[in-house]
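Biologist: Can you put the model up? I have some questions about it.
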Amino acid sequence: MRDPLPADVAEVLGALLGGDDPVHVALRDQVPHLRVYGRCECGCGTAYFGVEDTAVGAAPSGPGTKVVASATIRTESGGFPGEVVLFAQAGYLSWLEVCSWSDDVEVTLAVAQRTLRG
């Protein structure tokens, strides 16, 4: 039995993989077979995935590592202190990276969640 995805990861994946893009549709099909096997220790929320690849097919994103979705993180004051980037390796979800561009604003997955909701 697999543990459910953490709520913060599931919500951000849902927002990043919305729409009818064929790559996003195939990657959404992987989410029920996804597990988080590690998180960045700095507290940013970056998550590393494992996919039960025998249960679901690869997305048509091509070989190697690809950025398959991203979103700029906005603050309530209108700043842009970072971004969240979703990677796939050989068509399988691989990791969700939280990137900071600011020394003044703490950039976390929780901040990304708020951005993607609004």
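Biologist: Among contacts between residues at least 6 apart in sequence, what share joins residues at least 24 apart?
Modeller: In the protein chain that share is 54%, where contact means heavy atoms within 4.5 Å. Keep in mind that this is a predicted model, where local features need pLDDT of at least 70, side-chain atom pairs count only at pLDDT 80 or more, and totals for chains, interfaces and linings use all residues. Residues are numbered from 1 along each chain as its sequence is written, and side-chain values use heavy atoms, with hydrogens and water left out.

Biologist: Which elements does the chain have, and in what order?
Modeller: From the N terminus the order is α-α-β-β-β-β-β-α, that is, three helices and five strands. Helices (H or I, at least four residues) and strands (E, at least two) are DSSP runs, numbered from the N terminus.

Biologist: How much of it is buried?
Modeller: Of the 118 residues, 42% count as buried. Buried means under 20% relative accessible area, exposed over 50%, and partly exposed in between (1.4 Å probe, protein chains only).

Biologist: Helix H3, then. Which of its residues are buried?
Modeller: In H3 (residues 109-117) they are Leu109, Val111, Ala112, Gln113 and Thr115. The buried residues of H3 pack against H1, E1, strand E3 (65-73), E4 and E5.

Biologist: Arg39 ends E1. What sits in the loop between E1 and E2?
Modeller: Thr46 has its place there, between strand E1 (34-39) and strand E2 (47-51).

Biologist: Is Thr46 buried or exposed?
Modeller: Thr46 is buried, because its relative accessible area is 1%. Beyond four places in sequence, Thr46 touches Gly38, Arg39, Cys40, Trp95, Leu96, Glu97 and Val98. A polar atom of the Thr46 side chain lies 2.9 Å from the backbone nitrogen of Val98.

Biologist: Now E4. What's around Gly82?
Modeller: Gly82 lies in strand E4 and is buried, with a relative accessible area of 0%. Not counting residues up to four places away in sequence, Gly82 touches Thr72, Ile73, Cys99, Ser100, Trp101 and Val107. Gly82 and Ala112 are 30 residues apart in sequence and 8.8 Å apart in space, C-alpha to C-alpha.

Biologist: And the loop between E4 and E5. What is the phi of Ala90?
Modeller: Phi of Ala90 is near 50°, a positive value in a residue other than glycine. Ala90 lies in the loop between strand E4 (82-89) and strand E5 (92-100). Ala90 is partly exposed, with a relative accessible area of 48%.

Note on methods
Polar contact = N/O pair within 3.5 Å; in protein donor to acceptor, adjacent residues only side chain to side chain.
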